[in-house]
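Let's take a walk through this structure together. Have the sequence and the model open beside you as you read.

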Amino acid sequence: MSAAQILVPLLGLFVFLVFSGIADGRSHKKGVTYDGRSLIINGNRELLFSGSVHYPRMPPEMWWDIINKAKDGGLNVIQTYVFWSLHEPVQGQYNFEGNCNLTKFIKTIGDNGMYATLRVGPFIEAEWNYGGLPFWLRDIPNITFRSDNLPFKYHMKKFTKKIIQMMKDEKLFASQGGPIILSQIENEYAETEITYKELGTRYVQWAGTMAVGLHTGVPWIMCKQKDAPDPIINTCNGRNCGDTFSGTNKPNKPVLWTQNWTSQFGIYGDPPSHRRAEDIAYSIARFFSKNGTLANYYMYYGGTNYGRSGSSFVTARYYDEAPIDEYGLLREPKWGHLRDLHSALKKCEKALLWGTPSVENLGEYMEAHIYEDIKSKTCAAFLSNNNSRIPAIVNFRGAKYYLPQHSISILADCKTVAYNTQTIVAQHSSRNYQKSEIGNKDLNWEMSHEHIPTLDNSSIKSVNPLGHWSVTKETTDYLWYTTRIELDRAALPFRKNLLPVIQISSLGHLLHAFVNGEYIGSGHGNNIKKSFVFEKPIILKPGTNHISLLGATVGLPDHGIYLERRYAGVLTVAIEGLNIGTIDVSDNGWGNKIGLDGEKLEVFTQSGSHRVNWTKPTGKGGPLTWYKAYFDCPEGNEPLAINLATMSKGMVWINGKSIGRYWVSYLTPLGNPSQEVYHIPRAFLNPTDNLLVIFEEIEGYIDGVQILTVNRNTICSYITENYLDNVHTAADDAKRSATLSCPDSKRILNVEFASYGNPFGTCGNYFLGNCSSPVSKKFVEKQCLGKSRCDVPFDKKIFDRDGDLCPNIPKYLAIQAVCGEKK
């Protein structure tokens, strides 16, 4: 055989190997495997930055924009739960349309070039009614949720198989070339397992074996489940998994973080929850410094609990403090600071995934986590100051590094500081609400009162008050309890200043009381203690007296044991202060009426709104009042909201679609509503004549309701100088400028504040310190006005040419500007 005959086949083999990825050390095998270092996706290791985004908490029209913004923020994975109760609201009747279109959502993730994690559950918690379990499941005979119980396992497996088969049919698993790289079975089961003992242990083993047997070609995970059966990966949920996670239950499994809470979901009656961007960044850097390779933000975009989907006492607004706020706007600096973190970690990717890890003590509370591969000359280091109060200067490999308190500096080459978790160079923003001219023009309200039923027109009769959910079957928040009592004149107090008192004990969540058709008051529990006692003086008359109680729930529970046995509703009713003593009317004979007349007539729809009589409202409307008005779609393309600060409690519909429960009369300990502004998706609107319907349970001043536009046109920058000689900081020369960038290609119309010196405050509320360069505002205006993006050099030669401004103290540069469209 000649040399040519030998070389040609060898050359062909080499070309095949190169294009197949084998010659350069890569494999294009489809699917996901893992080892103790990381997931291996289609033959390659990757660092994975993930964010939770839930498809039913926004209209489909928002999906692409939210996912694209997540990608721009440096994420490469979107995580979502699967909402069983949404997809099978009635046993055997499925819904995968509109914002329930799960496969379309997964495809949208893939079309954006991102991976997906599918948390099938099917129990998910998620601050969703019943933790995602459909209510009809409660009525299955002999069922015990989430245990080694044949009825529950039958229905759970049936739904899980259906979802997995749908994904397979659409080729959405990575093993088929799709975006799904992980699936989750069950959710945070460990505490429930302890209570159920052997039934719990057997169940979790069964669930894992069942899931693996579905053969998806990608790994399964269980969060917070130390006894997750092989080959399922047990993962961490929490705020600081870099320090709190005890590790996987087998050394061949990678360290994954499925929930890093970016704030806290809202609860009616609770003050707002915040988590600083610096603290989130520290937790993520800490996790990756200690062998973590996938971290997920819960939530990255929270969205809205539309309709009645939110669990007990949870606000309509869900995780608004996430990097993308409820309206789909970037929450700065959280979004930008985490984007910069992901960029710095990507620079470390080769070292983190292939280098040899080591730890070096740099002093008390100080340490360096190092990943180094001598052969490839790759090295990354994480210099940590774990002291929450005191900054420090550390020596590392012959150089000095300044570490702010509770911070980590990332050295992508083991030399240069690429990022520090405590040092924000991303811009800040402030959210603004503005009254819409078009939306509020000719907003003419009409009202209609709900009928107060009596025992005679209540369809369900019983001796005692019945359980709320056992009667309503979770088809409505509302259940009427009615009874009547006969009293002669001698039974009533003779003195006018003495009145009988009605005492009602209820196991949640809320009730409105009426005596002889007159409203006497409302009472409610709270998220911790749903039960409450309502007491109020009442006026009774000789003869027949009607007692009508409207019980209301604010969502179903979403976690805990024996969910199928939970109870809500009126327990006992007594009347005190009568001349004949206290009478207990709990077994007096009661009637129930399910829901409201307005619900059954669907007065919140265009056709249903004509089924009742409407009148003009005057002043504050009374309890149980329906309001309607029409409005045109507001100007521009900014997100929209409705301000309900002058109302009390109820629900809002736009063109027949509920935007959620509101409850502005329930104040936090700070004296403010938990939420008074509610998101209106533009996708719900027509160009003109949009039907707005509000059901008010207590009372409200309807003329105070306003349609708003929402923006983050106020942008800011706040940076400090490097005043330490010969010490490395995150403030490299390349970062020595304030960068401002307007959203949506708008331009900077006004510089509201600019100060080089010692300004203080936050974006939207900056103040001058005791010294400020007189040229600050003029120079910033020269650099920025009329531009969509500008850089302002942090240069002492510009702002402090003579060097006599506030000597011997650190200098800051604070800028606040307003973006908009040029007119």
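**A guided walk**

Strand 24 (residues 510-515) runs antiparallel to strand 27 (residues 543-552), and six bridges join the two. One place to look is Ala513, whose bridge partner in strand 27 is Leu549. Keep in mind as you go that this is a predicted model.

Now step back to the sheet around that pair. It is an open sheet of six strands with antiparallel pairing, in the order 21-30-22-27-24-25. Strand 21 (460-462) and strand 25 (518-524) stand at the edges; each has a single partner strand, so one side of each is left without a neighbour in the sheet. On average, neighbouring strands here are turned by 20° against each other, direction ignored.

Follow the chain on to Tyr567, in the loop between strand 27 and strand 28 (570-576). Tyr567 counts as partly exposed, because its relative accessibility is 35%. Together with Leu507 and Leu571, Tyr567 forms a nonpolar patch on the surface, with about 230 Å² of accessible area in total.

For a contrasting setting, turn to Ser384 in strand 14 (residues 378-385). Is Ser384 buried or exposed? With a relative accessible area of 0%, Ser384 is buried. Leaving aside residues up to four places away in sequence, Ser384 touches Arg286, Tyr365, Met366, Glu367, Leu403, Ser407 and Ile408.

Next come the charged pairs. Side chains of opposite charge can pair when their charged atoms come close. The structure holds 35 salt bridges, and a few of them are worth a visit.

In one of them, Lys69 meets Asp65, with the closest N and O atoms 3.1 Å apart. The two are four residues apart in helix 2 (residues 63-72), so about one helical turn separates them. Lys69 is buried at 18% relative accessible area, while Asp65 is partly exposed at 37%.

Another pair joins Lys346 and Glu349, at 3.2 Å from N to O.

Asp320 counts as buried, at 9% relative accessibility. Both residues belong to a network of salt bridges that links Arg317, Asp320, Glu321, Asp325, Glu326, Arg331, Arg431 and Arg712.

Conventions: Residues are numbered from 1 along each chain as its sequence is written. This is a predicted model: local features need pLDDT of at least 70, side-chain atom pairs count only at pLDDT 80 or more; totals for chains, interfaces and linings use all residues. Side-chain values use heavy atoms; hydrogens and water are left out. Two strands pair if DSSP finds at least two bridges between them. Axes are lines fitted to C-alpha atoms, for helices over the stretch in contact, and angles run from 0 to 180 degrees between N-to-C directions. Patches are made of residues with over 30% relative accessible area and no salt bridge: like charges are joined within 9 Å, nonpolar side chains (Val, Leu, Ile, Met, Phe, Trp, Tyr) within 5 Å. Accessible areas come from the Shrake-Rupley method with a 1.4 Å probe; for residues, only the protein chains shown count as cover. A salt bridge is a side-chain nitrogen of Lys or Arg within 4 Å of a carboxyl oxygen of Asp or Glu. Buried means under 20% relative accessible area, exposed over 50%, partly exposed in between (1.4 Å probe, protein chains only). Contact means heavy atoms within 4.5 Å.
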